[in-house]
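Subject: A structure for you to explore

Hi there,

Here is the structure I promised to pass on. Please open it alongside this email, and then read on for what was found in it.

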Amino acid sequence: MTMRIVKIFLLLILLFILTYIALNYNLVIYGIRQLKGQMHIIMNARPVNEIINVQSVSEENIAKLLLIQKVRQFAIDSLGLNNSSNYTTFYDQHNKPVLWVLTACPPFELKPYEW
């Protein structure tokens, strides 16, 4: 009897998930595409130390990366911030935007339009 209730419960959950996907197909596809893009960035980010040692990186970019490392170390040593993995990797976006922010409102109004 208990196993039957578990099967019915799991079937109802599956039915709920499939119904949600069917009713919100565009939203689900959007989320999957966002996940794919974020995973691409995470998987292709390289350690800053590795980037600094690459011959093809310009001196200007190396100087910027070294400055970021100094600022990060200052924040850890002097400001007491946690030593985490933040600002230790670099993703080369090849001058393409990673994020677009779109803001809209009706003409001559500051009332936001939500879609």
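Histidine 94 sits in the segment after β2 (89-90), and its phi is near 55 degrees, a positive value in a residue other than glycine.

A word on the ground rules: this is a predicted model, where local features need pLDDT of at least 70 and side-chain atom pairs count only at pLDDT 80 or more, while totals for chains, interfaces and linings use all residues. Residues are numbered from 1 along each chain as its sequence is written, and side-chain values use heavy atoms, with hydrogens and water left out.

Asparagine 95 also lies in the segment after β2. Its phi is near 60 degrees, again a positive value in a residue other than glycine, and asparagine 95 is exposed, with a relative accessible area of 81%.

Now for the whole chain. The protein chain has four helices and two strands, in the order α-α-β-α-α-β along the sequence. Helices (H or I, at least four residues) and strands (E, at least two) are DSSP runs, numbered from the N terminus.

How does the radius of gyration of the protein chain compare with that of a compact globule of 115 residues? The globule would have a value near 13 Å, but the protein chain has 23 Å. This radius is taken over C-alpha atoms, and the globule rule is 2.2 Å times the number of residues to the power 0.38. The C-alpha trace spans about 65 × 55 × 35 Å along its principal axes, and 8% of the 115 residues count as buried.

Which residues form the largest nonpolar core? There are six: Val48, Ile51, Ile52, Val57, Ile62 and Leu65. A nonpolar core here is a set of buried Ala, Val, Leu, Ile, Met, Phe, Trp, Tyr and Cys residues joined through side-chain atoms within 4.5 Å. Leaving aside residues up to four places away in sequence, valine 57 touches Ile51 and Ile62, where contact means heavy atoms within 4.5 Å.

Finally, look at histidine 40 in helix α2 (residues 25-44). Histidine 40 counts as partly exposed, at 43% relative accessibility. Its C-alpha atom is separated by 17 Å from that of threonine 88, 48 residues apart along the chain.

Enjoy exploring!

Methods
Buried means under 20% relative accessible area, exposed over 50%, partly exposed in between (1.4 Å probe, protein chains only).
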